[in-house]
Amino acid sequence: KEGDGTGGYKGGRVPIKNIERELICPICKELFTHPLILPCQHSVCHKCVRELLMLNHEDSFDAGSECSLPGSPRSRVPSPSMERLDRLVRSGGSQGSVTPRVTAIPCPGCQHDIDLGERGISMLFRNFTLESIVERYRQAARAAVAIMCNICKPPQQEATKSCMDCKASYCNECFKLHHPWGTPKAQHEYVGPTTNFRPKVLMCPEHEMEKVNMYCEVCRRPVCHLCKLGGSHANHKVTSMSSAYKILKEKLAKSIHYLISKEDQVRTQITELEVLINKTEENGQLAERQANEHFERLFETLQERKSEMLRSIEQSRNRLTKYTLILKNEAKYDWFFFFFFFFFFFFFFFFFFFFLILLCFRIQKATESLRTFHPAADPCFDEFVLDTSREEMLLKEMCFGGVPDPPLIDLSNSRVYNEASICWRLSDDHLPTDHHMLEYRQSPSQEDGEDNGVWRATDRVYGPSTVVCDLEPDSLYSFRVRSCRNSMFSPYSPEVTFHTPPAPVFGFLFSDKCGFSTERLILNKRRDTVESVAGMAFLLAAERVQTGSYIGLDYIIGDTGISQGRHYWAFKVEPYSYMVKVGVASDTKLIEWFHNPRDTSSPRYDHDSGHDSGSEDACYELSQPFTLVTLGMGKLIIPKASSSSSSSTANAQSADPGSRMLPMPQRLGVCLDYDACRVYFYDADTMRCLYERQVDCSGTMYPAFGLMGSGKVQLEEFLASKRLAF
């Protein structure tokens, strides 16, 4: 760009290639060397001007000959025409000279003839400014591509050598300093400055400082002597690199020769593949046409059936309408006849007595018709209601013969928390499938009425299960899955619905250090299952059992406490368990339980024992630092109703013990709202709240479990451990 003072470039900077074009001699096409200014203000190299002057006749006429050296600048200058040479000869020398002196040259820039006179080149001045610019450009170009010393302190010197062993570049002084004579480094191999430090030999990947010098025939890879002596290739057969190279070279040559010899076969295979592609395209188009024909026949059949049914409805409507009009006309005629004869009889009674009998008959008929009037035609068309649900299902299930059967979601093995682990199973006689696609959506919100029912699909799943992340709490989600084989998808499986927990999942294990009784409680290695067994304590308490006392509860808690927020956890109590108490308890209450055991106390002493005790109401406080419900013998017993109980569970907490007993769910969920000081108990399968109550959350709250007699509690497995990559 011109006229902006900066060459049209941002910041006034001109690309180096644009500058280089201005610094190149128009004759030799190289950077100016001692440039001279011609009278026309163009610059030319000194040597190029001398070559143009053609100091002798031979030079003047041989300037463009074929014997010129290819590297000479003269070979790059176009040969002057014969007319121009004659003119230059006539103007440059005397009439009687044998070798005329040429003192005129054509300017390579503007092509004008320039007469240098008798002084010749001496009349031209050197362009020192241009020469200085060219020299600075040369220095900048060398600095741009120069390799600097890696050892020098700033300012760095230009490197003169590069050590292939040290993989570094040095200037002369640094190279002498780091490679002194008489040391092993003096034997290093060095080359000119370079940045390409490729290894001279292949290094061992297991022993970086060792060179590979052998070839393992078992593993088919180069190894070093350390690998052979004590490494993973100690007992393997090895050979020298040269032998291995020859063998591999021969094999490669044979393979190449084999491929070359099979060129015709490869071409034949390519031709067969092309034929197969064309046939596939033709068969695909044929299948499309056949599918279109099938659907067109279905459309025609549906259209014909539609026309027939509409025609039947039209005929029935016309018939009923016609019959109704007949009845309407008859009724009008009867009433008209009645009024006519009544009027006639009233005025002409004595003259038309013989009409009395007929009049009575018509009156009786009209009266009976009025009393028993019922239209013979029914205006409804219930018999014409069309039920197409079965046909719609058949159309939805219509598929090609090779479509796989739909899978079924396994409800027993699927779990939904903050993440959903969905498992499915295929039919017993199913063929192998390529992959599966799981889709899920959130049910519409009942509070705000928003519809989030857009199906979202997961990535391809190559196994019988997958995990869906980032689910909203306290929401309903629907899931469905389908299989794919040879790019054809099966119908969707029946939709299943899961309810997510009301709060984030709280992960913990049973604590084996706080209050854990090793005599009566057994923990598994993963600490997610605890079992109560009869031990020595039961035998020692045999005499007390005869007197009417009972063995106390053995408590165990979670290894993680809650001090804020809202959390949810779930577990399973075995149906054969005699009595298990589950819930939450504060750290102060746990200290009281663990340091003041009541081995001989009755379960009635506990306010939440579930036993129908009259003293329970007297001792019950409004807010306790613990809340426990009782499970056992296939039942769930909730505490009695209190002022802190919610209205939704008040009926279940009445004084009647039978109303306080519920069937024990397969899995029980507990939700603790620490900030609201309230605890909830859920059926973990249906997420139905069974019981809720106020609880004192003044300290750290822990999941608490108490077992008496035989019983077993198993915590839910984390979904994170189910993430498998297939």
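This is a predicted model: local features need pLDDT of at least 70, side-chain atom pairs count only at pLDDT 80 or more; totals for chains, interfaces and linings use all residues.
**Stop 1: helix 2**

Select residues 46-53, which make up helix 2. Colour Cys48, Val49, Leu52 and Leu53, the buried residues of this helix. Now look down the axis of helix 2: the buried residues fall within an arc of 140°, so they line one face of the helix. An α-helix has 3.6 residues a turn, so residues three or four places apart point the same way.

**Stop 2**

Side chains of opposite charge can pair when their charged atoms come close. The structure holds 18 salt bridges, and the remaining stops include some of them. Select arginine 267 and glutamate 263, whose side chains meet in a salt bridge with an N to O distance of 2.9 Å. Both sit in helix 9 (residues 263-347), and because they are 4 residues apart, about one helical turn separates them. Arginine 267 is exposed, at a relative accessible area of 52%, while glutamate 263 is partly exposed, at 36%.

**Stop 2: a salt bridge between distant parts of the chain**

Next, select arginine 441 and glutamate 495, which form a salt bridge of 3.8 Å, N to O. This pair links distant parts of the chain, 54 residues apart. Arginine 441 belongs to strand 15 (residues 435-442), and glutamate 495 to the loop between strand 19 (488-489) and strand 20 (496-499). Arginine 441 is partly exposed at 25% relative accessibility; glutamate 495 is also partly exposed, at 43%.

**Stop 3**

Select glutamate 716 and arginine 667, joined by a salt bridge of 3.4 Å, N to O. Glutamate 716 lies in the segment after strand 33 (711-715) and arginine 667 in the loop between strand 28 (661-663) and strand 29 (668-673), so the pair ties together parts 49 residues apart in sequence. Are glutamate 716 and arginine 667 buried or exposed? Both are buried.

**Stop 4: a hairpin**

Finally, select strand 30 (residues 678-683) and strand 31 (residues 688-694), an antiparallel pair with 6 bridges. Arginine 678 has glutamine 694 in strand 31 as its bridge partner. The two strands form a hairpin with 4 residues between them. In the turn, pick out methionine 687, which has a positive phi of about 55°.

Methods. Residues are numbered from 1 along each chain as its sequence is written. Side-chain values use heavy atoms; hydrogens and water are left out. Two strands pair if DSSP finds at least two bridges between them. Buried means under 20% relative accessible area, exposed over 50%, partly exposed in between (1.4 Å probe, protein chains only). The arc is that of the directions from the helix axis to the C-beta atoms. A salt bridge is a side-chain nitrogen of Lys or Arg within 4 Å of a carboxyl oxygen of Asp or Glu.
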